[in-house]
Amino acid sequence: MSRLLFGSFKPQYQRHFNRSAIRLFTNAQQYDALVIGAYTDGKNVVLPAAKDITSATQSRLTEQLIVSNFKKAGDVRILYNIGGVQQVAVVSLGPVPSTSNKTNPITRRAQVLETARNATALGIQALKERQVKTVGVDISVSGHGAAEGAILAQFSFDKLKMEKSRQAEMQVLPFSTTTDDNDQDDLNWESGHIYGTSQNLARMLMTSPSNLMTPKLFSEEVAYLLAGLENTEVIVHDEEWAAKLNMNSFLSVAKGSQEPLRFLEIRYNGGHPDEKPYALVGKGVTFDAGGISLKPSNNMALMKGDMGGAATVAGAMYGIIKMGLPVNVVAVTPLCENMPDGKATKPGDVIKAMNGKSIEVIDTDAEGRLILADALYYLSSTYSPRSIIDLATLTGAMDVALGEVHAGVFTNSNELWRQLNVAGELVSDPFWRMPLHKGYLKEMQQSTVADFNNLGKGRSGGACSAAAFLKEFVAGLESDNDQDKEHHQDSVDWAHIDIAGVMDSQTTQGYHIKGMSGRPTRALIEYIRLGSNDQ
Ligand code: BES
Ligand code: ZN
Ligand code: ZN
């Protein structure tokens, strides 16, 4: 497990903790500002970082906070020039949590992490635009959560703006010497840094406009980000390769675009060579105009984020690799644009997918399932993975059903559902289980000319029929494959996650930033980390 100490991040960590007798308000680190948490009921203030704060400073802080009516969780007060620090952002953590053992331990752990994550993010938000260069962060509740909050709250995509309107960079470091992070958990400031950075990476990829994030540029960017990392191979396949493998379903979507398609394959070999890999698939439509079934123009700009599946998979791979998790993972992302053109696929056209099944393309805007069909089949037939998870901004119906709180999970495995559910809860990027049922496939089997049509009932149960369609392209899970019904056991655990609803955030609040969300990148890393602990 020593690899879990994250080699490259270790120096910074040690530098911090080797410093003896850190006293917060003597400010030996020369921080411009601090973010600290405080439990309060409005009358009393309890500072979890008290050990690092001289008692004189503690009383000054408490006095100021009470006067300012500092109470409910999330309240932020900036206090100036205290104990030699110019600006101190104090964030309320609400009342001291009760130590009841009734709450389930996962929920309790999730609450601790979220308290640190959210409070730190609120403190960082308050310090933004205040010209601070170095910020010390209280890690006494959780170093992992605090780092996630600090990194996520700093995200901004302003590299295309004039220099003067760009957000100034801040350097964020832990300052308190105690942390309640559960040691056996392998989580700390460094891991939180990695989790946050991974999601920011996904945000960056999703936010980039489609003219600057074409299939080619996406694969180059990811290859660059992962270049030189241990046990990692990045392979960028082109159209010729896809054609050789008969990925006609994927090719049919890319046809209407001037931009050449790419099929990105990332292999991470952190585990024993004999161990089955985890498999990830991400929908990578770098712009979805709808094709010949053209989308209406309002909000079409949002469709630059239709590669959110690919972005979160790439972000998660970065995190998994940086964490040095002792597992094997293979990830693929089919990347293309969906455009109207003289050469584009037309409604009614029939294509034959890589697995030999024919599809009548009734609606060219239901393109996600077409590119995933070949990617899922490629992955499930080439490797024998221990699980396959695909992520896709697949249906508007998913947004209608669950909005931006939960991402919907469709899976054939109760165990995989349980694991994803725990992972989502721990990182506060939650999932909700949706039905995977062949009843939703019926309308799509009514084509008079092909094995399937790609539309089904359209809006009615749209997210569920898309999921049922995808299952037909996972090797071993096709509905005409349950030869022996009674003893039938699915050959692979598969989950489809529809992230259309959580693709973007309407507002900035703590570590949620308005715009493309990069969700559920951290949940994917956590799922694989927890799986690697079980072995
Ligand atoms: N990329 C869209 C789904 C989407 C919608 C993602 C809103 C994020 C936000 C997808 O390719 C699509 O167009 N789906 C259609 C499917 C329909 C034609 C069966 C939809 O949801 O309307
Ligand atoms: Zn579409
Ligand atoms: Zn789409």
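Ala, Val, Leu, Ile, Met, Phe, Trp, Tyr, Cys and Pro count here as nonpolar, Asp, Glu, Lys and Arg as charged, and the others, Gly among them, as polar. By that scheme, the lining of the largest pocket has 15 nonpolar, 12 polar and 12 charged residues.

This is a predicted model, in which local features need pLDDT of at least 70, side-chain atom pairs count only at pLDDT 80 or more, and totals for chains, interfaces and linings use all residues. Residues are numbered from 1 along each chain as its sequence is written.

**Pockets**

A pocket is an open set of points on a 1 Å grid over the protein atoms alone, where a 1.4 Å probe fits, with protein on both sides within 12 Å along at least five of seven lines; lining residues have an atom within 4 Å of a point. A volume is the space filled by probe spheres set on the points, which are joined across faces, edges and corners.

| Pocket | Volume |
|---|---|
| Largest pocket | about 970 Å³ |
| Second largest pocket | about 710 Å³ |

Lining the largest pocket are 39 residues, and Lys295, Leu394, Thr395, Gly396 and Ala397 are the closest to its centre. The second largest pocket has 20 lining residues; Gln154, Phe155, Ser156, Glu169 and Asn200 lie nearest its centre. Its lining has nine nonpolar, six polar and five charged residues.

Methods: Chains lettered and ligands numbered in written order. Heavy atoms only, no water.
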